[in-house]
Amino acid sequence: MKQTTHPPDHRSTGVRNGAVTAAPPPAPGPERRRPTSPQWAAWGFLTPVTVYLALFYAYPLYRNLDLSLRDYTVRSFVQGDAPFTGLANYRTVLDDPTFAPALLHTAVFTAVCLVFQYAIGLALAVFFHQNFPLSATLRALFLVPWLLPLIVSASTWSWMLNSESGVVNATLHAVGIGPVNWLTSPSWSLASVIIANIWIGVPFNLVVLYSGLQSIPGSLYEAAALDGANAWQRFWRVTFPLLRPVSAITLLLGLVYTLKVFDIIWIMTKGGPADSSTTFATWSYQLGFGNLLPAFGPGAAVGNLLVVAALVFGLVYLRVQRKQALS
């Protein structure tokens, strides 16, 4: 039988120095890279946060900006056919005689509250950092103003500062001081809401600053004491510098919160009397919802001014933090 032979396949073999070698396999084509499981997990965690921010932050901000750029009435607010007016609402707000007093009251209210809340909170944090008996119990009691609903706190302060039956005036009368019209006098109304807001905001500063003190190593205080530093020098040279990052974020959060305080002022004074305690937050509500003919556009414009103010301070904070990181 005749045996047939096939020529060698040069594509799969080759001859090198008399030896037959196999040809290298063909290079694989490009494969599509698929996300690994950690990437899918990251997207899974980011999706709820992104949806939440879009629905409850981005969209309300967009709607508020749209309100401030159109001439909305009750009818057009329902039907959605308000004409575009550009910056007319902002010009209306700036020309309003309430703008200057509201700006001043907002600045004074924010600045005084921040200073006293931070100073009292820091003093209490340093005090409770000594870990004396019952310190944890007393620290928990100081959190009560922070845990109470704002309507309860504001109503309590309204009763305490009542001109006729308030406990504050009763105490003043006991020491021979005449009654003070805390809530009905233009000279005292702003001071009254400032006092109430300071009382409510101190626990937040206490908690954050106390947690910052917990992160400072005790060896630094021991070394400072060995060098002859007294209590004030240890605080000024060790505690305060190391608390700067925590203090910065505490003041920033307190600033954003204080700028938008509405409940306390509205329950206690409603911005009065004679707009003596009106801030941008209460003025925005009065324009949008406090009249028979609401001015939605100017009210939204005032609210956007608060947003811009908070954004400016936030950018300043980020710039300061970046400089400190680079130095």
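Predicted model: local features only at pLDDT ≥ 70, side-chain atom pairs only at ≥ 80, totals over all residues.
Reader: Nice. How do the residues of that contact divide into nonpolar, polar and charged?
Author: The contact of H9 with H12 has seven nonpolar residues, six polar ones and no charged ones.

Reader: And at what angle do the two axes cross?
Author: At roughly 155°, with the axes of H9 (residues 189-214) and H12 (residues 244-259) coming within 10 Å. Angles over 145 degrees count as roughly antiparallel, so that is how H9 and H12 run relative to each other.

Reader: Left-handed or right-handed crossing?
Author: Right-handed, as H9 passes H12.

Reader: Let me pick on Thr258. Is it buried or exposed?
Author: Thr258, which is found in helix H12, has 1% relative accessibility. The cut-off for buried is under 20%, so Thr258 counts as buried.

Reader: What does Thr258 touch, leaving out residues up to four places away in sequence?
Author: Phe109, Thr110, Cys113, Leu114, Gln117 and Asn197.

Reader: Switching topic: where does Ser284 sit, and what does it touch beyond four places away in sequence?
Author: Ser284 is in helix H14 (residues 280-289). With that sequence limit, Ser284 touches Gly299, Val302 and Gly303. Its relative accessible area is 17%, so Ser284 is buried.

Reader: What about Ala223, which helix is that in?
Author: Helix H10, residues 218-226. Ala223 has 38% relative accessibility and therefore counts as partly exposed.

Reader: How far apart are the C-alpha atoms of Ala223 and Arg234?
Author: They are separated by 9.8 Å, and the two residues are eleven apart along the chain.

Reader: Last one, the big picture: how many helices and strands, and what share of the residues is buried?
Author: The chain has 15 helices and two strands. Of its 327 residues, 33% are buried. As for contacts between residues at least 6 apart in sequence, 63% join residues at least 24 apart.

Technical notes
Residues numbered from 1 in each chain as written. Heavy atoms only, no water. Axes fitted to C-alpha atoms, helices over the stretch in contact; angles between N-to-C directions. Parallel < 35°, antiparallel > 145°, perpendicular 65-115°, else oblique. Left-handed = near helix turned anticlockwise from the far one by under 90°. Nonpolar A, V, L, I, M, F, W, Y, C, P; charged D, E, K, R; others polar. Buried < 20%, exposed > 50% of the residue type's maximum accessible area, 1.4 Å probe, protein only. Contact = heavy atoms within 4.5 Å.
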